[in-house]
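Please open the structure in a viewer and keep the selection tool at hand.

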Amino acid sequence: MNYLAIRALIRNDLRIYMTDRRAMMIGVLVPILIAAFFGYVFGGNGSAEAGKIPIAVVDEDDSDVSRAIAADLAAEPLLAMQALDRTEAERRVRGGKVQVAAIIPKNFGGDATRALFSGQTKPQVELLIDPSQAMSSRVVEGLLAQHGMQEITKEAFSGASDGSGPAAGLQRGLSMPYVVATTKMTSAQKVPYSSYAHSFAGMTTQFILLAGIDAAIVLLLTRERGLWQRLRSAPLSKTQFLLARTLATTLVGLFQFVLIYAAAIGVFGVRIGGSVIGFAAIAVALCLLNATFGLMLASIGRSAAATRGIAVIATLLLVMVGGAWVPSFIFPKWLQQVSLATPTRWAVDGLDAMTWRSLGLDAALPPILVLSGSALLCLAIAIWQFRWEE
Amino acid sequence: MLSISHLQKRFGERVAVDDVSFEVRAGETIGLLGPNGAGKTTTLSMMSGIARPDGGSVSFDGQIVHQDANHLKMRVGLVPQDLALYDELSAWANLELFGGLYGLAGARLATRADDALRLVGLADRRRDRVKEFSGGMKRRLNIAGALLHDPELVLLDEPTVGVDPQSRNAIFENLEELKRRGKTLVYTTHYMEEAERLCDRIVIIDHGKVIANDTVHGLYRRLPASRVVALEFDGATATDAVLAGLGALTGICAVQRTAAGVRVEMEDFGTPLARALEIIAGAGLRVASLETGRTSLEDVFIALTGHALRDGAKADAS
């Protein structure tokens with residue numbers, strides 16, 4: 001066997017690999033970045049502050065028991081509790097701002113204390129849940145049971161209720177003193193929650209973003225070929241050129257968007273339960289953003305090779321932090337705040353709002369504004385930085 | 001028509017074009033001749049309005065090109081050196097794009113694209129994708145792309161680079177047809193024979209500077225010799241005495257020993273050649289072969305710059 005030849009080939013491959021420092025860096029940096037992100041999001045080394053589940057408590061009873069339960073829930077480290085009225089709680093659950101709302105009905109304290117021993121006429125606690133947050137609702141239901149039992153039992157054994165004392169009750173045995181009725185909250189009750197709706201929102205956002213980056217790479221490759229001279233020799237201004245590129249990439253993105261959502265609707269049962277106009281406007285704004293984001297990268301990047309590296313890292317960050325891969329509610333609190341600064345988060349939330357959350361046009365306006373504003377910012381940077389003159 | 005005046009362009013510390021000046025008259029074909037890296041393409045880029053000069057100016061009928069580039073670009077067609085084509089599209093789709101850039105559409109665009117394809121002999125391949133074309137066909141389509149808006153001035157940057165002789169000939173015929181149609185052509189090349197065949201006037205550029213600007217005949221007149229005789233001897237080499245004797249003859253400009261004989265440059269073939277053959281016969285050398293020819297533009301280039309136009313070109317010539 002020609003070991004020298006094998007050695008020479010291996011050495012050559014290693015030299016070639018080491019020559020492209022940028023590719024080497026990306027090959028090392030990107031896995032570190034992703035691993036660090038997921039490790040941190042899913043608990044890290046225990047030092048990070050975990051994200052709290054946003055809940056609301058509607059206390060219609062306003063008894064000692066209900067106030068104590070609300071206070072216990074507010075003190076619970078897993079939860080971020082707000083006290084709201086029913087209307088506001090419903091609105092926030094529908095909008096995804098609050099994942100679970102517990103409605104403690106009138107006379108809950110007395111009824112539940114009696115029911116603890118008698119097992120009869122149990123009051124009903126309503127849990128309004130965001131259907132995309134099934135895990136959260138189970139956690140809240142469990143914590144409610146824990147604190148509810150604790151406070152109701154305390155009340156019962158303090159002897160403050162009616163004549164049926166604790167000793168007599170204990171002889172009959174304890175029973176769960178209330179029942180829970182769960183309601184999945186969407187704006188249009190006829191539109192059921194579909195987990196596909198969220199995953200399609202995330203993946204569509206991600207792949208349209210990648211299409212924008214592809215367009216940037218193509219543009220940079222064009223610069224490196226004779227085609228660029230031909231384009232430049234034509235009576236065409238920089239603004240006209242960038243505008244044409246923006247519109248073309250936006251149209252390609254929209255084409256991609258329509259096909260992806262056609263599959264989502266036709267095959268996976270995703271429904272646009274909210275405003276169709278809002279949905280379409282979010283789609284346009286998202287595709288416009290991705291086109292201008294690509295142009296901005298092409299303007300900043302000096303070559304296709306260099307830009308590909310920047311683009312991969314930028315895309316991964318936007319997609320990860322924007323909640324396209326994993327829902328942003330599991331992020332640590334500070335990262336949830338940071339994610340609001342990424343247009344991808346607004347795109348995903350906006351598409352969620354227009355599909356299974358079934359919200360109206362007003363809910364589409366913030367995502368549309370953020371996406372369009374970001375698109376304009378990217379376009380402005382692209383126009384400013386784009387090298388037109390040789 | 002076009003006036004290039006004290007043009008300068010730098011890329012960092014490197015001076016690519018250094019005080020280049022020449023005129024292009026309407027209907028003329030000008031050759032920009034020079035080795036790779038001489039500054040031809042950069043000069044052409046500034047002439048087409050793509051690149052902004054660091055100094056000097058290009059004016060088209062009195063208007064400064066980079067001040068009113070878009071208006072003047074309508075009158076100029078550029079054939080870039082690198083193929084400026086979308087491989088994945090058909091020839092027709094490419095031309096539709098290039099015509100559209102100049103504001104052409106509909107029947108007018110179709111007529112122009114049709115004309116351009118006919119001129120370059122690709123009318124029957126209009127629907128084929130460019131990636132299916134040979135290198136020569138791509139080069140011809142590259143030219144067609146610059147003609148759609150019927151420009152008065154066509155700037156061609158090494159349009160025959162990398163093509164086979166047959167395709168090169170086809171391209172020459174296309175360019176000669178453009179000349180017949182009255183187009184003004186500016187043509188960069190480092191092939192002397194191309195410049196000689198096609199150009200009315202040649203501007204020789206080296207290291208960013210204009211070395212000469214003359215007609216082909218004018219350039220030849222700069223050489224003392226216009227004729228060359230290459231002699232090969234049968235099994236013998238010319239002695240120093242023979243070379244000295246040849247060199248001393250009236251009308252002989254240069255004598256050079258070659259591998260199998262001598263190369264003699266002379267003013268004409270009359271008396272000097274007869275006397276040279278007498279000396280060779282007198283030295284007992286038997287002539288195995290004799291080739292006559294003209295001196296080439298390569299010789300002109302060497303005489304003007306002191307080096308060959310292309311690597312190995314001098315060896316080829318000898």
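Begin by selecting helix 15 of chain A, residues 361–385. This helix has 25 residues and reaches 35 Å from its first C-alpha to its last, close to the 36 Å expected at 1.5 Å a residue; the expected span is 1.5 Å times one less than the number of residues. Helices (H or I, at least four residues) and strands (E, at least two) are DSSP runs, numbered from the N terminus. The model is predicted: local features need pLDDT of at least 70, side-chain atom pairs count only at pLDDT 80 or more, and totals for chains, interfaces and linings use all residues. Residues are numbered from 1 along each chain as its sequence is written, while chains are lettered from A and ligands numbered from 1 in the order in which they are written.

Next, colour the buried residues of helix 15 of chain A, among them P367(A), L371(A) and C378(A). A residue is buried if 20 or more other C-beta atoms, placed from the backbone, lie within 10 Å of its own. The buried residues of helix 15 pack against helix 10 (238–266), helix 11 and helix 14 (343–354) of chain A.

Move to helix 11 of chain A, residues 276–300. Of its 25 residues, 20 are buried.

Now select chain B, which has twelve helices and 14 strands. Buried residues make up 40% of its 318 residues.

Finally, display both chains: 19 residues of chain B are in contact with 13 residues of chain A, contact meaning C-beta atoms, placed from the backbone, within 7 Å. Helix 2 (69–73) and helix 3 (91–101) of chain B each give two or more residues to this side.

Methods:
A residue is buried if 20 or more other C-beta atoms lie within 10 Å of its own, exposed if 12 or fewer, and partly exposed in between; C-beta atoms are placed from the backbone. Two residues are in contact if their C-beta atoms, placed from the backbone, lie within 7 Å.
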